[in-house]
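Here are a few notes to read alongside the model.

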Amino acid sequence: MKQTTDFLKMKENNEKIVMLTAYDYPSGKQAEQGGVDMILVGDSLGMVVLGYDSTIPVTMEDMIHHTKAVKRGAKDTFIVTDLPFLAYHLSVRDTLINAGRLMQDAGAHAVKLEGADSVLEKITALTQAGIPVCGHLGLTPQSVGVLGGYKVQGKDAHAAQKLLDDAQKVEEAGAFALVLECVPKQLAEKIAKSIAIPVIGIGAGLYVDGQVLVYHDVLGYGVDRVPKFVKQYHSVNPFMIESIQAYTSEVKNNQFPEDKHSFTMKEEELKVLYG
Ligand code: KIV
Ligand code: NA
């Protein structure tokens with residue numbers, strides 16, 4: 001299993017880091033079999049698995065429940081779990097307790113949290129407590145209400161400079177990696193070159209140290225639309241719906257189960273039963 005220091009080395013060696021989200025036993029298992037370097041149990045699970053329209057309703061219990069399942073499927077992959085909405089804003093103490101639960105109760109190897117500013121002291125405290133932290137800047141979905149929607153961040157020079165400064169502060173605070181979401185590729189490249197920790201992009205172009213995507217987006221599983229920055233490698237949804245339709249129709253038309261799906265009794269037992 002790769003460790004935080006391996007990800008730093010990968011950046012030094014110009015070896016791309018692959019991260020994919022997973023939310024349960026089968027997706028964790030598939031991510032590991034697919035050879036990703038690290039799994040993110042993202043709070044995006046609120047949207048793609050639980051059907052909320054943002055990540056705001058996701059709870060610590062949700063994150064623990066799903067991380068445990070992923071862990072059972074991916075025993076040999078580095079797992080980062082998102083601290084959900086408000087789990088790291090009340091106090092350093094609360095942040096440590098919540099992150100500790102994700103590691104001790106759920107088995108995450110690291111936690112991810114969004115933002116800089118007041119979050120920086122939390123990153124430092126977690127790192128000092130032995131909890132590896134992945135930062136997350138750019139489009140930070142837990143702040144969608146403040147950002148006014150899911151939009152590209154850092155498009156003007158002033159906002160870009162703030163993101164560059166924040167990325168450096170996240171590194172200084174002790175993070176081992178930084179997710180950078182939905183920013184112009186030129187800015188992402190500049191940020192990746194200006195810090196030593198790996199920058200994992202999503203909607204951040206090619207010139208960063210790795211990429212992360214959402215499992216359901218990559219597979220076209222249960223999602224109707226995907227954002228511009230997603231590459232959908234397959235669309236499994238139609239296969240799944242067709243399979244369910246075929247099952248429904250075969251049951252209705254007495255085509256399932258066939259003899260090969262059925263159990264039988266011995267002749268003598270039948271005689272006793274029927275007389
Ligand atoms: O929750 C998530 O899936 C994420 C990624 C999109 C980076 O935070
Ligand atoms: Na997230």
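1. Let's start in a helix: His66 lies in H4, residues 60–73. (Helices are DSSP runs of H or I with at least four residues, strands are runs of E with at least two, and both are numbered from the N terminus.) His66 is buried, because 26 other C-beta atoms lie within 10 Å. Here a residue is buried if 20 or more other C-beta atoms lie within 10 Å of its own, exposed if 12 or fewer, and partly exposed in between, with C-beta atoms placed from the backbone. His66 and Tyr25 are 41 residues apart in sequence, while their C-alpha atoms are 8.5 Å apart in space. Setting aside neighbours within four places in sequence, His66 is in contact with Tyr23, Asp24, Val41 and Leu45; contact requires C-beta atoms, placed from the backbone, within 7 Å.

2. A word on provenance and confidence. This is a predicted model, in which local features need pLDDT of at least 70, side-chain atom pairs count only at pLDDT 80 or more, and totals for chains, interfaces and linings use all residues. Residues are numbered from 1 along each chain as its sequence is written, chains are lettered from A and ligands numbered from 1 in the order in which they are written. The protein has a mean pLDDT of 97, with 100% of its residues at 70 or more; pLDDT is the predictor's confidence in each residue, from 0 to 100. The scores are ipTM 0.99 and pTM 0.97.

3. Which residues does UniProt list under "binding site"? The unreviewed entry gives Asp43, Asp82 and Glu114. They are spread over 72 residues of sequence but cluster in space, with a largest C-alpha distance of 11.1 Å. Please keep in mind that UniProt positions follow the numbering used here, feature names are shortened, and annotations may be inferred rather than shown by experiment.

4. Asp82 sits in strand E3, residues 78–82, and is buried, with 31 other C-beta atoms within 10 Å. Beyond four places in sequence, Asp82 contacts Val41, Gly42, Asp43, Met63 and Lys112. Glu114 is in the loop between strand E4 (110–112) and helix H6 (120–128), and Glu114 is buried too, with 22 other C-beta atoms within 10 Å.

5. Glu181 belongs to strand E6, residues 177–181, and counts as buried because it has 22 C-beta neighbours inside 10 Å. Leaving out neighbours within four places in sequence, Glu181 touches His136, Gly138, Leu139, Ile202, Gly203 and Ala204.

6. Helix H12, residues 267–274, lies largely in the open because zero of its eight residues are buried. Gly275 follows H12 and has a positive phi, near 80°.

Notes:
Contact = placed C-beta atoms within 7 Å.
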